[in-house]
Amino acid sequence: MSITKVFAPAKVNLTLHVTGQRRDGYHLLDSLVVFADVGDRITVMPADQNRLEVIGPRAKGVPTDGTNLVARAANLFGVPVHIVLSKHLPAAAGIGGGSSDAAATILALSDMVGDTRLPEGVADLGADVRVCLMRQAARMRGIGEDVAPCPGLPPLYAVLANPGVDVPTPEVFQALENKQNQPLPKRIPQGMKTGPFIDWLATQRNDLEAPAIARSPVIQEVLKTLSDLPGVRLARMSGSGATCFALFETEDAAQAGATALTQSQPDWWVEAAKLS
Ligand code: C5P
């Protein structure tokens, strides 16, 4: 067994429609999910006993004990490993940091033990882990377990921005007043150019935006600030927040937007990213 390194990309919900609620309290979703070229990094090494090290610019406050989703994902395999998690994404931020880390850990350990079958217990790690295992544009339904690849989307250039407030997902779902909203259209448009595709996205929603803003009004400020960047075509929140994204038609426009935002909001986490 050797060292395995896996990238854990940020997940972005381009749309997130809440279409119902199950008896157990979980919400039914219809969400178009893409992945960014920014993310965390996982390194897994064989060891005599389990050890999790968290390093990197966003390591502060991330647990290194058995509560970390990375440790829980590794435990499903029953082989002792030393894992180094390099954190670049903010936690509890609506871009699937923990879920993507867990998915990357599963992929690394599957590779290490030479068995690509998913271990029992993956579903218990969280609703977003399934789509994060897919790591490509996907439509996510059910409570997150029903994922289908969504090919044919154009390249999207984004600025991701997080103002540094943790937003607990359960609170945002609970605060949502109308739990039965329209799903996405039956067919997601394929083969469109970037501009028209963003126009189509603008006709869809993130139903969690309003309850997240009610809890953390700074999210409204993030959306307004992103909307004011030159060349921006759409600004929306991802997941249950607080990270928001702005979409541009070109990589240069997104880069310029990220540079301007980093200067005007030095305390925010800001990244230019390609989404696919
Ligand atoms: O599955 P995960 O641990 O990511 O979800 C965190 C919380 O978000 C859940 O305990 C639940 O309160 C809420 N949630 C939900 N419906 C979903 C996903 C999450 O109500 N589809």
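# A guided reading of the predicted model

K11 is placed in strand β1 (residues 4-21); helices (H or I, at least four residues) and strands (E, at least two) are DSSP runs, numbered from the N terminus. The structure is a predicted model, in which local features need pLDDT of at least 70 and side-chain atom pairs count only at pLDDT 80 or more, while totals for chains, interfaces and linings use all residues. Residues are numbered from 1 along each chain as its sequence is written, and side-chain values use heavy atoms, with hydrogens and water left out.

At 4% relative accessibility, K11 counts as buried. Buried means under 20% relative accessible area, exposed means over 50%, and partly exposed lies in between (1.4 Å probe, protein chains only). Leaving aside its neighbours within four places in sequence, K11 is in contact with V33, V34, F35, G94, I95, G96, D128, C132, S238 and G239; contact means heavy atoms within 4.5 Å.

The UniProt record, an unreviewed entry, gives the annotation "active site" to K11 and D128. UniProt positions are given in the numbering used here, feature names are shortened, and annotations may be inferred rather than shown by experiment. These two residues span 118 residues in sequence, yet their C-alpha atoms are not more than 9.0 Å apart, so they gather at one spot. Both K11 and D128 belong to the lining of the largest pocket. On a 1 Å grid over the protein atoms alone, a pocket is an open set of points where a 1.4 Å probe fits, with protein on both sides within 12 Å along at least five of seven lines; lining residues have an atom within 4 Å of a point.

G94 lies in the loop between β4 (81-86) and α2, and it is buried, with a relative accessible area of 14%. Apart from neighbours within four places in sequence, G94 is in contact with K11, N13, S238, G239, S240 and G241. G96 is found in the loop between β4 and α2 and is buried, with a relative accessible area of 11%. A92 is also found in the loop between β4 and α2, but at 42% relative accessibility A92 counts as partly exposed.

The backbone deserves attention next. Most residues other than glycine have a negative phi, and most peptide bonds are trans. A92 has a positive phi, near 45°. R135, which is not a glycine, has a positive phi of about 55°; R135 is placed in the loop between α3 (129-134) and β5 (138-142). The peptide bond from G241 to A242 is cis, with omega near 5°, and A242 lies in the loop between β8 (234-237) and β9 (244-248).

Helix α2 has 17 residues and reaches 24 Å from its first C-alpha to its last, close to the 24 Å expected at 1.5 Å a residue; the expected span is 1.5 Å times one less than the number of residues. Of the 17 residues of α2, 13 are buried, so the helix is mostly covered. G114, whose phi is positive, near 70°, follows α2.

The interior can now be considered. A nonpolar core is a set of buried Ala, Val, Leu, Ile, Met, Phe, Trp, Tyr and Cys residues joined through side-chain atoms within 4.5 Å. Of the 66 residues in the largest nonpolar core, I219 and L226 touch the most other members. Helix α2 (residues 97-113) gives the largest share of this core, 7 residues. Domain 1 (4-148) and domain 2 (152-275) both give residues to this core, so the core lies between them; the domain bounds come from an automatic or database domain assignment. Apart from this core lies another, of 28 residues, among them V38, L247, W269 and L275.

Two further buried residues complete the picture. V33 lies in strand β2 (residues 27-46) and is buried, with a relative accessible area of 0%. M237 lies in strand β8 and is buried, with a relative accessible area of 0%. Among the residues in contact with M237 are N13, I219 and C244.
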